[in-house]
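Visitor: I would like to go through the labels used for this structure and ask what stands behind each one.
Guide: Then let us take them in turn.

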Amino acid sequence: MLLLALLVVPGTAQGTKYLYGSPDLSATISGTNEFAPGAETQLAVIISNSGLNTHKIVGSTLITPDDQPNTAKLVSVALKSTDTPFTIKTDPQFLSDIMGGASGTATFDVKVADSAEPGTYVLPLEVTYTYLLDAEEYGSDVLRYNYQKTTKTLPLTVRVTPDLRVEVLDVRSESLNVGTEGYVYLTLKNIGHDTANKAIAKVTRSGASPLIPTDGSAYVGTFEPGETVDVKFKVSVADTAEPQSYPLDVAVTYEDYEGKTVTSRSATIGLPVGGKIAFEVVSPTSVLYLGQKSILEVVYRNTGAATVYNAQARISAVNPFTSSDDTAFLGDLAPGETATARFEMNVDGDGTEKEYGIDSEIRYRDDLDNSKISDTMKVRVALERRQDTIFTNPAFLVVLAAVIIGAGYYIFVYRKKQR
């Protein structure tokens with residue numbers, strides 16, 4: 001395309017004219033040109049102009065043009081991805097003018113396909129610019145500029161590197177309940193193209209997930225492309241969790257084809273979490289009597305979602321209660337099962353007749369043999385004063401005892417005389 005411009009120049013000062021020259025553009029990538037499959041990166045491209053002006057004329061009758069022929073004017077660049085596993089997310093960019101010996105930089109957002117095969121690829125960079133083809137003088141005060149618009153395709157070489165990519169084929173969990181620990185069993189497959197050496201599978205917390213690994217590493221060793229491995233991890237569940245599924249991240253740290261220690265991209269899995277282990281007192285309010293020793297029977301039910309083992313109930317006796325045996329063995333309790341605890345209680349005779357709530361808790365072991373303590377429960381106890389009757393009056397009991405002893409003695413003597 002030929003562009004024309006007319007310039008009227010009034011002065012008669014000495015001028016300069018370049019006879020030969022044009023832009024000479026090349027493109028290079030700033031930084032690395034190696035990318036792993038699935039990578040999203042910013043590709044910085046440097047466009048350099050090495051064009052020279054080879055002949056110059058200086059004279060008092062010459063008019064100096066505004067532009068030099070080796071200047072690339074109105075430069076715009078567009079990165080293409082034809083027949084490559086790259087996706088260019090940035091539109092063509094305008095860089096303005098690039099003079100000879102100078103450069104400009106364009107940055108493109110690039111995504112490498114997850115399925116990209118390792119190898120070398122060429123990304124075409126289309127560069128469009130205008131340059132001064134020549135300037136024709138008309139008389140002593142007029143220049144006509146002849147501009148040429150050109151589009152060139154510059155090759156950019158990029159490389160997709162081999163990598164390990166993790167696919168989770170199977171997920172199983174065991175004993176994952178709110179507030180407890182459990183096991184996570186995973187089957188992992190290397191769907192990448194790199195042989196991983198000294199591979200270590202790891203699970204990590206995903207954001208603010210209540211799943212927190214307590215034993216989150218498993219040594220795999222050599223992990224070939226297409227190979228599957230089974231790994232096991234221990235994970236705890238926060239007390240604040242709800243019974244639902246939560247995320248957990250899985251990745252593999254390994255030595256790559258260059259012997260560098262790298263970590264694969266994480267895969268996120270979902271794990272179901274069961275309800276919290278909990279108990280409740282299901283027995284009715286017990287009645288104890290002031291000033292007497294009694295047996296307090298309390299029925300507990302496992303209202304949680306998992307079996308507990310070696311459960312022991314404990315009460316915290318406070319005034320007016322005392323106990324010489326405040327612990328009772330309940331044994332194993334499956335969800336919904338009940339067990340009865342019996343505590344020997346002494347009640348102060350000066351206590352108040354009313355209903356009391358005695359604190360109680362259960363210590364137990366979960367599926368992983370971790371020792372746990374339940375939330376505190378209230379055991380309802382009503383204190384009453386026993387009303388004395390003739391059969392409970394101490395004086396009557398003394399007289400009754402004397403009569404029984406006397407009658408026994410009389411019978412003994414009478415039988416002896418009959419012999």
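Guide: Rings of Phe, Tyr and Trp, the last by its six-membered ring, count as a pair if their centres lie within 6.5 Å. In this predicted model, a search of the whole structure finds 6 aromatic pairs.

Visitor: Why is the pair of Tyr129 and Tyr131 called tilted?
Guide: The ring centres of Tyr129 and Tyr131 are 6.2 Å apart and the planes stand at 40 degrees. Planes under 30 degrees apart would be stacked and planes over 60 edge-to-face, the rest being tilted.

Visitor: How do you know whether Tyr129 and Tyr131 are buried or exposed?
Guide: Buried means under 20% relative accessible area. Tyr129 has 2% relative accessibility, so Tyr129 counts as buried. Tyr131 has 14%, so Tyr131 counts as buried as well.

Visitor: What makes the pair of Phe321 and Tyr356 edge-to-face?
Guide: The planes of Phe321 and Tyr356 are at 90 degrees, with 5.4 Å from centre to centre.

Visitor: Which residues form one aromatic cluster?
Guide: That cluster is made of Phe35, Phe86 and Tyr121.

Visitor: Which residues touch the most other members of the largest nonpolar core?
Guide: Of its 30 residues, these are Ile47, Val77, Leu79, Phe86, Phe108 and Leu125. Elements that give two or more residues to this core include β5 (40–49), β7 (72–79) and β10 (103–112). The most come from β11, with 6 residues.

Visitor: What is Val77 in contact with, leaving aside neighbours within four places in sequence?
Guide: Val77 is in contact with Ile47, Pro92, Gln93, Leu95, Ala106, Phe108, Leu125, Glu126 and Val127.

Visitor: Why is Lys354 called partly exposed?
Guide: Lys354 has a relative accessible area of 45%. Buried would need under 20% and exposed over 50%. The value for Lys354 lies in between, so the label is partly exposed. Lys354 sits in the loop between β28 (338–347) and β29 (355–365). Not counting residues up to four places away in sequence, Lys354 touches Val381, Ala382 and Leu383. Glu384 is 30 residues from Lys354 in sequence, and 7.2 Å away in space, C-alpha to C-alpha.

Visitor: What makes a space a cavity, and how many of 30 Å³ or more are there?
Guide: In a cavity a 1.4 Å probe fits but cannot get out. The count is 1 cavity of 30 Å³ or more. The largest cavity holds about 50 Å³ of space. Among the residues lining the largest cavity are Ser175, Asn177, Ile277, Asp366 and Leu368. By class, this lining has 3 nonpolar, 4 polar and 3 charged residues.

Visitor: What lines the largest pocket?
Guide: A pocket, by contrast, is an open set of points. The largest pocket has about 280 Å³ of space and is lined by 18 residues. Ala36, Thr161, Pro162, Asp163 and Tyr254 lie nearest its centre. The lining divides into 8 nonpolar, 3 polar and 7 charged residues.

How values were computed: Residues numbered from 1 in each chain as written. Predicted model: local features only at pLDDT ≥ 70, side-chain atom pairs only at ≥ 80, totals over all residues. Heavy atoms only, no water. Core = buried A, V, L, I, M, F, W, Y, C linked by side-chain atoms within 4.5 Å. Buried < 20%, exposed > 50% of the residue type's maximum accessible area, 1.4 Å probe, protein only. Helix = DSSP H or I, 4+ residues; strand = E, 2+ residues; numbered from the N terminus. Contact = heavy atoms within 4.5 Å. 1 Å grid on protein atoms, 1.4 Å probe; cavity = no way out; pocket = protein on both sides within 12 Å on 5 of 7 lines; lining within 4 Å. Points joined across faces, edges and corners; volume = space filled by probe spheres on them. Nonpolar A, V, L, I, M, F, W, Y, C, P; charged D, E, K, R; others polar.
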